[in-house]
Amino acid sequence: MIQIRLLGGLRVEAEDRVFDSFPRRKVAALFALLALSPRQKHSREELAAQLWPDADTETGRRNLRQTLLYLRQSFESLELLLSDTQALWLCDGITTDVTAFEVAAQMGDLARARSLWRGELLPGFFEEAVLTERERLKALFMALPHEGIPPPTIPTSLPIYLSEFHGREDELERLSTLLAEPGTRLVTLLGPGGIGKTRLASTVVSGGKREAAFVELAALAPGCDEALVFQKIGEALAFAVAGQEGSEESLLRLLASRPLLLILDNAEHVLAQTASVALRLLRAAPRLKLIVTSREPLRLTGEHTLVLEPLAIETAMRFLQVSIRAIRPDLPEDPEALTQICAKLEGLPIALELAASQCRTLSLQEIAQDLSQGLGLSEQASTSLPLRHRSLEATLAWSEALLTPTQQQLLRRLSVFSGGGTREAILEVCGASRMDLAALVEKSLLQVRILPDGTTRYRSLEPIRQWAAERLAQSGEAVMVQQRHGLWFLALAERIAPELRRREQHLWFKRLDAEQANFYTAFTTLSSSQKLRLVSALGSYWIRREFLHEGVRLTEQALAEVADTSETHFAALLTLGMLLLRAGQRERALELLTTASHSDDRGVAIEATLYLKAEVTSDSYESYQSSIAPILKEIQDDTRWRWHYGQALLQGERFLNHNRDHEKKIAILAQAIALFEEEGDCAKVMEALFGLVGIHLVYQRFEAAAPILEQLQETAALLESTHMEVLALNMQIRAQRAQLVPDVATLQELADRLAVLAPRLGAPSDAYNAWHDLMQACRHLSRWQLAHRAMLQMLHFRKGTTTLPMVGVYLLGAVASLMADMGQTERGGKLYGYIFAVRESVQLLPNALEQRVYDRDLACLQQESLEILAKALTQGRLLTFEQAFALAQEPCALPPDGTAPLLPSI
C-alpha cells in the first residue's frame, strides 16, 4: 500500500520507506500535481504549461522531460509513475489523505476528517491548480463543526502577507534545496532594502516541515548588547518557553534537541551581535537551522549566501500586473507603459509596489511619464508594510544610516555615473577609497560584475541612484563631482579614439559600449569647447556602431554652441560629415566635408578629402585616382598615413568593374587588406574582404571564397557589431545563391537571422544590402511575402541615392528577377527592357553569372506569352530611371508561400 500525504506537506509512505524530500522544487510540484488527481491521466502539455507558464512549448516540454527524470530517481526503485508520449499518471493502488479526508467529511465521520487534517493543502506550492484546490479544501474543513478542536498547527510567528507570492520561484527553489542539505545550517539572504528577502524567507518556511519561528530584529538599536538579540528570539518562541526563566542558557538548552528553523530578519544594523548569537545557537543546537536576512553577510564559517537580484523585466511586469489588479482591476492595459515602468524601476519589488499604489489615481502612461522625471521617493506604499518599507525614502534612509560618513559621501557621488562605472573611474571621480567601495558592495547598495577583460564594473540600481542624486544635490557637491565625471570621460574618449583603428579594437569597442550612458551624461556637463572634443573623439565609434542619429544630434549641438575655426571645430565638422554620409544625407555631408578638407590638421584634411573625392568623382577609376593624386603622393611612403592610404585604395576599388577589371580589383583589395592588417583594423580588413569574396563568387571560385567567408564570420563575432554580422550574412547568402544547388537549410537559417538584424541597421547603404540579400534568399526559399517586403524596403533605402547608372541596373535587376519568379511578365519585361538599354548605353556586357540570371529570368517571363514579353521589353527601353523605379514599387499579387517559382533559381 502506498499513501501520499498532501495536507500539511508533501510526503509519500510506501511500506517501510518514507519519501519527503525532492532534489528540486519543480520535481516536488510535478508530483504534487499528479497526486491531486491520482486516478487521472495528465496531459504532458498541460503539466508543462502549469509548471512553466512563461516558457515556449518546446522549452516547457524539455523542462518536463528533465524534471520527470529527477522525479523517477527520487523514488529509487519504487515504481509510482506511468507514462506515454502524451500523458503521465500514477500507478494503481495509491491512496491520498485528501481523498480519505473528503470521504470522511462526506460520510459525517468528523473525528476521522479532523485527524486527517494536518494543515492546508501543499503549503509552499503556488501552481494555479494547487491554489484552487487549496481554497476548496480549506472551505470544506472550515465547514466542519470545530467544537473543542484546536486549529491546524502553523508557524504563528511568521509575518502574514495579504498578497500571493510570485516573482521569486527560482530563488525559492534554490533556498529550499540549500535547506534540505544536511550540511547547510546557516543561509544568509542578501540584497538591498525592498528586494524581497523577508518575503522569500517566510515563504520557504511556511511550506516546510520543520517547526519555525520568525525573529524581527529591526527594532533593535545599532550597537545594542547581544542579550537583546537573545531576548527577541525568546519573545518569538514564547509559546515554547512558557514556564522557563527565559535566560540565554535556558533558551539554548531548549533549542538543543529541537529541529527548529529560525529566521533572524533585518540583521544588517546589528550584524556583529547577530553573528555572535548565531554562532552560539548553531553550536548549542545541532538540529537548528538559521535563515538570516541582511544587506551584508555575517562572515561566519559554514555560512551560505543567496544574493537576491532585481526581478527580470518579464518577471517584474507580471509582479506589477498582479499588484495593479489587486488595486485597480478596471485599469486599462498598456503594455508599452508597463514595460517603461519596469525598466525604469529595474525590478526592485518595493519600487514596483509603490508604482502600483499610484494606480489608484493615475494611468500607467502617467506613471511612466512621472518616473521619467523622478521616482517619487516619498510616495507611500501599503500601510501593511513595515515603516521602513513604506517608501523608497524610508527604505534607503535606513540603509544610509548604517554607513560611515565617507561611505555616505561615496554613495552620493556615485550617482553621477549613468549605467555604472569601472573601479578606476569611480575612485578618481569620487575621490574614494577601495575599502569604502567594497563596503557598499558588501552592504548591497552596489552591484558588481566582472567583465570578460578582467575589469570590475559597479553600478547602483536606478531607484538607489536617483535617491543618491537628490542627496548629492543637497550636499552642495554636485557641480564639482559632475565636472570631474565629465573631464574623466572626455579623457577616456580621447585616449580610446586612435585605438579604434588598431589592434584589439574589439576590446575598446566593448569598453565604449559599456560607457555610452556616461558619455551622454558627460556631454551635458562639459564646456562648449570640451563638447567639440568629445564628439570628435567618439565620431568613429558612432559610425562603426551605427549610432548615427545620436551622433548627429550631439555633434550638431556641440557645433551650434561654438562659432570658431579651431582645429577641434574642423574635426567635429569631419565627424558630422561622415555621420551624415552614412545616414544618407549626402548633399549636406559634402558641404561639411568640403569645409573640413581645408583644416590645417593634415589628418582631418586628408580624411575629409578622401571621403569627399569618393563621392563627387564621376564613374571613372582614372578620374578618382587623378583627383587624389597629390594626397597619394604625400602619404604612400609615410607609415603615419598607412590607414588613410588603405582607405584611398578601398574607396577606389568601387569604381572598377567586376567584368572588365576583376584582376585589378583583386590586386587593389589585397593591397588594402595588407595595409589595414598592419594597422590592426579588423573592421576595415573585413570591408575589403567583403569586396574580395564577391569577386570570387561571381566567377564561381568557391574554394577561394570559402576561407574568406570563414574569416568574415570570425571577425564579425569578434567585433560584436550588427553591421559586421550583416556583412558576413550577406556574403554567406550570396555564396549559397552562386552555387547551382544551394543548401536550403543553411539558406533558411541565414535568412531568418538576417530578417532579425536588417531592421536594426542605421546606415541606408547597409540596410539596402541587407534587404537586397534577404529578398534574394527568400526567392530561393519561395517565401514570397517576406521577399516582397524585403524588396520594398530595399527600394526605400536606395531611393534618392542612386547616382550611377549601373547602381540602378543592379537595383532594378533584383526586382525584375523577383517578378520573373512570380510570372509577372509585363512588369518584369519592362524592367529588363530598361536594364538592357542602360547596359548598352554604357557599353557594359553582363558577366557570366549575370548572363545566367538574365537567361533564366527571360525564360520565366516568356512562359505566359512571348509576344507580351517582347512588347514589354520594347516599352521598357523607353523608360527613365524614375519611371522604372516607380514601376518597381507598384502593388502586385503574390503567390502563397511555398509556391515554387516558374523555373529553378540560379
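This report walks through selected side-chain contacts and backbone details of the structure above.

## Ground rules

The model is predicted, so local features need pLDDT of at least 70 and side-chain atom pairs count only at pLDDT 80 or more, while totals for chains, interfaces and linings use all residues. Residues are numbered from 1 along each chain as its sequence is written, and side-chain values use heavy atoms, with hydrogens and water left out.

Let's start with H7, which covers residues 169-180. Helices here are DSSP runs of H or I with at least four residues, strands are E runs of at least two, and both are numbered from the N terminus. H7 has 12 residues and spans 16 Å from its first C-alpha to its last, close to the expected 16 Å; that expectation is 1.5 Å times one less than the number of residues.

The buried residues of H7 are Glu171, Leu172, Glu173, Leu175, Leu178 and Leu179. Buried means under 20% relative accessible area, exposed means over 50%, and partly exposed is in between, using a 1.4 Å probe and protein chains only.

## Salt bridges

The count comes to 46 salt bridges, where a side-chain nitrogen of Lys or Arg has to be within 4 Å of a carboxyl oxygen of Asp or Glu. Take Arg553 and Glu550: their closest N and O atoms are 2.4 Å apart. Both sit in helix H25 (residues 548-561), 3 residues apart, or about one turn of the helix. An α-helix has 3.6 residues a turn, so residues three or four places apart point the same way. Arg553 is partly exposed, at 38% relative accessible area.

Asp821 and Arg779 also meet in a salt bridge, at 2.5 Å from N to O. Asp821 belongs to helix H39 (residues 805-821) and Arg779 to helix H37 (residues 764-781), so this pair ties together parts 42 residues apart in sequence. Asp821 is buried at 3%, and Arg779 is buried at 6%. Elsewhere, Glu296 and Arg299 pair up at 3.4 Å, N to O, and Glu296 is buried at 8%. Those two join Glu442 and Lys443 in a network of salt bridges.

## Aromatic pairs and charges over rings

A search of the whole structure finds 13 aromatic pairs. Rings of Phe, Tyr and Trp (its six-membered ring) pair if their centres lie within 6.5 Å; planes under 30 degrees apart count as stacked, over 60 as edge-to-face and the rest as tilted. Phe489 and Phe519 are edge-to-face, at 5.8 Å centre to centre and 85° between the planes. Phe489 lies in helix H21 (residues 478-496) and Phe519 in helix H23 (residues 516-525), so the pair ties together parts 30 residues apart in sequence.

The charged end of Lys41 sits over the ring of Trp89, 4.2 Å from its centre, and Lys531 lies over the face of Phe523 at 5.0 Å from the ring centre.

Asn266 is not a glycine, yet its phi is positive, near 60°. This buried residue, at 3% relative accessibility, lies in the loop between strand S10 (260-265) and helix H11 (271-284). Ser444 has a positive phi as well, about 65°, and lies in the loop between helix H19 (434-442) and strand S14 (447-450).

Definitions and conventions. A charge sits over a ring if NZ of Lys or CZ of Arg is within 6 Å of the ring centre and within 35 degrees of the ring normal.
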